[in-house]
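Look over the model below before you read on.

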Amino acid sequence: MTTIDHTTQLNKKVIFALFLTHFSGDFFQSFIKPLLPVLADKFSLNLTQVGVIAAVSTLMAFLIQPVFGYMSDRHPTRIIVLGGPLISAVCIPLVGVAPNYGITLALIALGSIGSSMYHPSAAGLVPAYAGRHAGLGISLFGLGGTMGFTIGPMVLAGYVTFFGLNRLPHTTLFGLVTFIILFVLIPVPAASELKQHKFWDTIRDSIGQAWKPILLIWALAVARAFIEQAALTFMPVLYANDGHSLLSVGSIVSLFTVGGSVSALVCGHLVDRIGFKRVYFFSFALITPFLLLLVRNTGWPVYPLSFVCGFLTLATLFPALALAQQLAPRGRALVSSIIMGLTLGIGGILMPLAGKLADIFGIRPVLNWVAFIPLAALFLIRYLPEPQKK
């Protein structure tokens, strides 16, 4: 078993293991969005029911992350970080043989709980093994997730197209192999000084006087998450209705997350050079025009536009996480779950409402309205803290 080794150097083996944890878990979680048009056709679902699937997925995957973040900060165990990806790898592929809508929802909920388990626990381990390269470490960790979400839809689309939906459970084999690798590489977390604290005491001691800037970062993250969830939930249905094949829809979703993968690295370095505020202003100001262009196109421009929209929409995902961890270093797992998980969960909860509006007004008008949310959030960015560069 790997032992704790706190140094100023980047522990490549452990960081790779955390990268692989994020990749594996998000790889299976990424199956859900491209499957929405397939499930809608299989069970004759309306857009409200499609929104419920998205809401259940994000609710279980993200909104309950603070619970696992709290547990990770209190209890030094590998069960949470190792068990999460394994649960996702088993439950989500079983959707391919689910006989009805209810069982499909249950499997997606269980698989998404697995996703909720490993995100805060793995993110909380990154700073301890990144040494002086905390920004690079969190970017590499984030890259694992965005790569999982990038490759997953393409694998899902190709696999279902050529082998059929009923053979999707066979993909669990990759998750089992990954679990064995992670079991060898993932270290036992160090004991936390917050171990004896109760839930609200842990929150108070983790965040302390930083609660105001943490709240601001959280509010901006909620706006960003809602845009991301709305795009990833309804774009597959929109372009499937426009006549795009499942492979084409999977490619559009993948290009969106490819853009996010690139921005995870680019913006991780940019915040060290030009600061957090400028990265926020740049991304939020440009999301609106590019998302409007994406929604109003039906031909080949949707592919490059999807990439650009993904880059801009996910540009502040991991910088927000890094900024929050700098402001509240005592409870990294809990803070990570609040900024990364709770925000995406809230975005997911709103998807049935967005789906209902799409049933009434249409998908394109609703996504057009969503595109203007970043402009409304711009005035908040001026109040973001800018930590001193070391």
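The protein chain exposes about 15300 Å². Carbon and sulfur atoms supply 69% of that area. Keep in mind that this is a predicted model.

Now turn to what is covered. Of the 390 residues in the protein chain, 59% are buried. The secondary structure consists of 18 helices and zero strands. How far apart in sequence are the residues that touch? Take the contacts between residues at least 6 apart in sequence: 87% of them join residues at least 24 apart.

**The cores**

In soluble globular proteins, nonpolar side chains tend to be buried together. In this model, the largest nonpolar core has 88 residues. Which of its members touch the most others? They are Leu18 and Ile53. Helix H6 (residues 101-130) gives this core its largest share, eleven residues. Leucine 18 shows what such packing looks like. Setting aside neighbours within four places in sequence, leucine 18 contacts Ala122, Leu125, Val126, Phe141 and Ile186. Another core, of 22 residues, lies apart from the largest one. Its members include Ala315, Ala320, Ile338 and Leu378.

**An enclosed helix**

Helix H14 covers residues 317-327. Nine of its eleven residues are buried, so the rest of the structure largely encloses helix H14. Which residues of H14 are buried? They are Leu317, Phe318, Pro319, Ala320, Leu321, Ala322, Leu323, Ala324 and Gln325.

Where does serine 44 sit? Serine 44 is in the loop between helix H2 (32-43) and helix H3 (47-63). Its phi is positive, about 55°, although serine 44 is not a glycine. Serine 44 counts as exposed because its relative accessibility is 62%, and exposed means over 50%.

Cysteine 91 has a relative accessible area of 12%, so it is buried. Cysteine 309 also counts as buried, at 2% relative accessibility. The cut-off for buried is under 20%. How many disulfides does the model have? The count comes to zero.

| Residue | Relative accessibility | Class |
|---|---|---|
| Serine 44 | 62% | exposed |
| Cysteine 91 | 12% | buried |
| Cysteine 309 | 2% | buried |

Definitions and conventions:
Residues are numbered from 1 along each chain as its sequence is written. This is a predicted model: local features need pLDDT of at least 70, side-chain atom pairs count only at pLDDT 80 or more; totals for chains, interfaces and linings use all residues. Side-chain values use heavy atoms; hydrogens and water are left out. Helices (H or I, at least four residues) and strands (E, at least two) are DSSP runs, numbered from the N terminus. Buried means under 20% relative accessible area, exposed over 50%, partly exposed in between (1.4 Å probe, protein chains only). Contact means heavy atoms within 4.5 Å. Accessible areas come from the Shrake-Rupley method with a 1.4 Å probe; for residues, only the protein chains shown count as cover. A nonpolar core is a set of buried Ala, Val, Leu, Ile, Met, Phe, Trp, Tyr and Cys residues joined through side-chain atoms within 4.5 Å. A disulfide is a pair of cysteine sulfur atoms within 2.5 Å.
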